[in-house]
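Student: I have a protein model open and I'd like to learn how to read it. Can we go through it in questions and answers?

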Amino acid sequence: MIQIRSFDGEIEELQQFIVSTWSHDYAGKMAFPLWPTEYFNWQLGINAGVSRDHLLAAYDDGKLVGCVLGVPYKFQIPSGILTGTLGSWLSIAPESRRLGIASQLKAEIIARHAAEGSAFQLGYRYFGSKHSKGSRFWKDDPLSPSQFLGRVGFLVRVLDAPRAAAWNVNMLDRVMIRLFSTWYPGPKQRQSTVTVRPYVPDDLPECLTLIHQQTEPMSLSLRWEADTLGRHLQPGSTGRSLVAVREGRVVGFVAYHAIPFQGLTTEPVGVIDIVQTTGMSFGEQRCLVDAMLYDLKNLGAVLALKLRIGDYGVASLLSLGFVPRAADSHLVANWATPRLPIPSSGNRHILWR
């Protein structure tokens with residue numbers, strides 16, 4: 001009998017279950033992350049005391065056969081601040097499908113959010129490949145709690161063209177990688193009116209002020225607080241962060257990480273979470289972003305990805321060789337309350353997970 005409850009095992013068990021399930025479904029068909037244990041320790045915050053209430057798991061006679069994970073955040077919309085979660089990692093064991101497990105997990109998401117007075121879980125429905133399992137599950141239906149809030153895609157910067165081309169599953173993408181990479185040299189360390197250095201915990205108050213200035217006018221955004229942003233930027237974790245300093249003050253920062261992705265080969269891919277450059281000149285922005293790309297390349301990343309969701313002016317990214325890809329995902333809200341008005345357009349800031 002299937003039982004839905006909070007995941008109560010070790011993080012290594014969860015990581016192995018998700019990666020093995022995704023490998024079964026997608027290996028050789030589409031690129032996908034091989035989520036490391038260290039990544040889950042960082043994002044889920046279990047070691048930092050974050051509740052497991054939204055780490056939902058399905059068990060069949062004590063065996064883990066499904067999961068969907070949510071990370072608690074506050075969110076900002078024009079009408080105010082909401083509590084909710086950022087969700088991802090829906091996985092169902094191949095031998096346990098067609099038992100209604102995904103529907104039970106979705107119902108439990110809604111029930112737990114409603115019980116604690118939270119508004120929704122936000123996530124992404126990837127439709128960029130016919131092999132995607134999630135695209136068949138999340139449906140935008142007025143009678144269901146799921147609401148599509150718009151399409152999003154990525155900006156992509158090639159960092160190592162030969163390895164990126166050999167890694168990519170799509171033949172057209174392999175050709176385009178080699179074509180565009182001839183136009184832009186590798187990232188470099190630039191001279192500027194700002195000094196770029198690694199983030200340290202004493203930078204948190206200034207970084208928090210800056211990210212609030214950036215996200216305040218947006219139609220939908222994470223509402224970073226000292227604990228969530230501090231954990232995200234914490235040195236020594238999977239995440240990496242750089243700050244730009246001018247005259248002794250932090251005037252901008254970037255947050256990013258590199259994790260292995262499986263394609264035709266396995267290669268590290270950089271994922272850029274935050275680019276905060278409000279008040280920086282165009283040249284200063286390029287200095288900070290190029291320093292990030294330089295670090296990612298030194299980490300072995302073959303590509304860098306930045307979600308194209310309107311949280312950052314892309315001119316400096318385009319000037320540094322980023323190329324926009326077509327939208328391939330829906331931003332989805334699974335409401336536990338009556339739907340609140342969120343503008344269908346406007347700038348947004350939600351992490352990709």
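Predicted model: local features only at pLDDT ≥ 70, side-chain atom pairs only at ≥ 80, totals over all residues.

Tutor: Residues are numbered from 1 along each chain as its sequence is written, and side-chain values use heavy atoms, with hydrogens and water left out.

Student: What radius of gyration does the protein have, and what would a compact globule have?

Tutor: The radius is taken over C-alpha atoms, and the globule rule is 2.2 Å times the number of residues to the power 0.38. For 353 residues that rule gives a value near 20 Å, and the protein agrees with it, at 20 Å.

Student: What share of the residues counts as buried?

Tutor: Buried means under 20% relative accessible area, exposed means over 50%, and partly exposed is in between (1.4 Å probe, protein chains only). Of the 353 residues, the buried share is 56%.

Student: How many helices and strands are there?

Tutor: Here helices (H or I, at least four residues) and strands (E, at least two) are DSSP runs, numbered from the N terminus. The protein has 9 helices and 16 strands.

Student: Which residues of helix α2 are buried?

Tutor: Helix α2 spans residues 37-44 and is mostly covered, with 6 of its 8 residues buried. Just after α2 comes Gly45, with a positive phi of about 65°. The buried ones in α2 are Thr37, Tyr39, Phe40, Trp42, Gln43 and Leu44.

Student: Which strands does β10 pair with, and over how many bridges?

Tutor: Two strands pair if DSSP finds at least two bridges between them. Strand β10 (residues 240-246) is mostly covered, with 5 of its 7 residues buried. Its antiparallel partners are β8 (residues 195-198), over 4 bridges, and β11 (residues 249-262), over 7 bridges.

Student: Which residue in the turn of the β10 and β11 hairpin has a positive phi?

Tutor: Across this pairing, Arg240 stands opposite Tyr256 in β11. The hairpin leaves 2 residues between its strands, and the one in the turn with a positive phi, of about 50°, is Glu247.

Student: In helix α3, what separates Arg112 and Glu108?

Tutor: Arg112 and Glu108 form a salt bridge too, with the closest N and O atoms 2.8 Å apart. Arg112 counts as buried at 18%, while Glu108 is partly exposed at 22%. Because they are 4 residues apart in α3, what separates them is about one helical turn.

Student: How many salt bridges does a search of the whole structure find?

Tutor: Some are linked in a network, including those of Asp160, Arg163 and Glu267. The search of the whole structure finds 16.

Notes: Salt bridge = Lys/Arg side-chain N within 4 Å of Asp/Glu carboxyl O.
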